[in-house]
Amino acid sequence: MPPRKDRARKSDDESADESMATGSTVVTMTEQQLETIMTNIAKSQAETSRLLIENILATQRTGSGTSSPMMAPPAKLGSFAKCTARFHGTIMGSADEADVLEAFIDAVETYKECTNVSDDLALKGLPMLLTGNAAVWWRGVKDSTPTWNDALLRLRGVYGVPQPGYKIFREVFSQVHTSERADIFVSRIRALLSKLPYVLQENVKIDIVFGLLDRRIRKRVPRESVESIDRLMEKARLVEESLAETEMWIL
């Protein structure tokens with residue numbers, strides 16, 4: 001029979017083993033879970049390394065001074081090489097020629113803006129757009145015309161002589177609307193009124209244009225129903241279409 005002390009020590013060891021077995025938990029995982037953990041650890045280390053490198057580079061840039069920003073390349077300048085607008089300059093100082101000149105200048109200015117043509121290049125390229133009498137006139141004044149704006153002023157001074165108001169009104173009231181399309185007729189009257197040296201009120205313009213329209217249109221479009229010239233053109237067009245359909249049915 002073993003001594004009492006040995007039995008007591010053995011009993012204590014067994015109790016300790018049981019306690020350890022009871023308190024500890026065995027953790028098991030699959031290979032996929034282990035691989036996921038390792039991947040996350042690798043990503044974390046890579047992110048930490050990236051931030052460290054960026055901090056080092058930022059410190060170096062700060063120490064060496066700020067770098068100058070890159071300049072954007074200048075926009076490409078255009079020319080009048082492909083511009084199709086032309087001005088002949090037939091009759092100096094006539095009303096019709098002034099209208100043609102303004103249409104020409106509007107077209108050239110629009111092309112100039114859209115294709116980024118500088119004033120200097122526009123002045124150099126202007127002879128390509130002038131033909132006939134206008135080209136001959138330009139040869140005589142180009143040496144004394146230093147800028148693009150000067151060229152436009154000289155063109156208007158020669159071919160765009162303004163008319164006094166009474167002459168414009170005389171031309172307006174000499175117009176007769178017959179078989180011409182109403183929108184074309186109204187546009188022509190509106191263009192004449194825009195040449196006045198002063199501005200007319202809208203209702204006055206409507207009265208003038210309305211009074212010059214064909215009687216059949218005035219009969220079917222009440223003056224009180226028109227609040228603008230654009231609206232008058234729209235209503236006149238509808239009346240013309242209705243009259244055209246009626247004539248077709250009669251035939």
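User: Let's start with H8 and H9: at what angle do they pack, and how far apart are their axes?

Analyst: H8 and helix H9 (residues 202–212) pack at about 140°, and their axes are 10 Å apart. That angle makes H8 oblique to H9. Axes here are lines fitted to C-alpha atoms, for helices over the stretch in contact, with angles running from 0 to 180 degrees between N-to-C directions; angles under 35 degrees count as roughly parallel, over 145 as roughly antiparallel, 65 to 115 as roughly perpendicular, and the rest as oblique. The helices themselves are DSSP runs (H or I, at least four residues; strands are E, at least two), numbered from the N terminus.

User: Which residues meet there?

Analyst: From H8, Phe 185, Val 186, Ile 189 and Leu 193 meet Lys 205, Ile 208, Val 209 and Leu 212 of H9, where contact means heavy atoms within 4.5 Å. The residues of this contact divide into seven nonpolar, no polar and one charged, with Ala, Val, Leu, Ile, Met, Phe, Trp, Tyr, Cys and Pro counted as nonpolar, Asp, Glu, Lys and Arg as charged, and the others, Gly among them, as polar.

User: Before we go on, what sort of model is this, and how are residues numbered?

Analyst: This is a predicted model, in which local features need pLDDT of at least 70 and side-chain atom pairs count only at pLDDT 80 or more, while totals for chains, interfaces and linings use all residues. Residues are numbered from 1 along each chain as its sequence is written, and side-chain values use heavy atoms, with hydrogens and water left out.

User: And H7 against H8, how do they run?

Analyst: H7 and H8 pack at an angle of about 170° with their axes 9 Å apart, and they are therefore roughly antiparallel to each other. Ile 168, Phe 169, Glu 171 and Val 172 in H7 meet Ile 189, Leu 192 and Leu 193 in H8. That contact comes to six nonpolar, no polar and one charged residues.

User: What about the loop between those two, is Gln 175 buried or exposed?

Analyst: Gln 175, which sits in the loop between helix H7 (165–172) and helix H8 (182–194), counts as buried because its relative accessibility is 18%; buried means under 20% relative accessible area, exposed over 50%, and partly exposed in between (1.4 Å probe, protein chains only). A polar atom of the Gln 175 side chain lies 3.2 Å from the backbone oxygen of Glu 171. Leaving aside neighbours within four places in sequence, Gln 175 is in contact with Phe 185, Arg 188, Ile 189, Leu 192 and Leu 212.

User: Where is Arg 181, and which side chain does it join?

Analyst: Arg 181 is also placed in the loop between H7 and H8. Its side chain is joined to that of Asp 183 by a polar contact of 2.5 Å, meaning a pair of N or O atoms within 3.5 Å, where within protein one must be able to donate a hydrogen and the other to accept it, and residues adjacent in sequence count only if both atoms are side-chain atoms. The C-alpha atoms of Arg 181 and Met 233 are separated by 9.9 Å, although these residues are 52 apart along the chain.

User: Switching to Ile 217, what is in contact with it?

Analyst: Ile 217 lies in helix H10 (residues 215–220) and is buried, with a relative accessible area of 2%. Neighbours within four places in sequence aside, Ile 217 is in contact with His 177, Ala 182, Ala 236, Val 239 and Glu 240. For Ile 217 and Val 239, which are 22 residues apart in sequence, the C-alpha to C-alpha distance is 6.3 Å.

User: Last one: how many helices and strands in total?

Analyst: The protein chain comes to 11 helices and zero strands, and buried residues make up 25% of its 251 residues. Among contacts between residues at least 6 apart in sequence, 61% join residues at least 24 apart.
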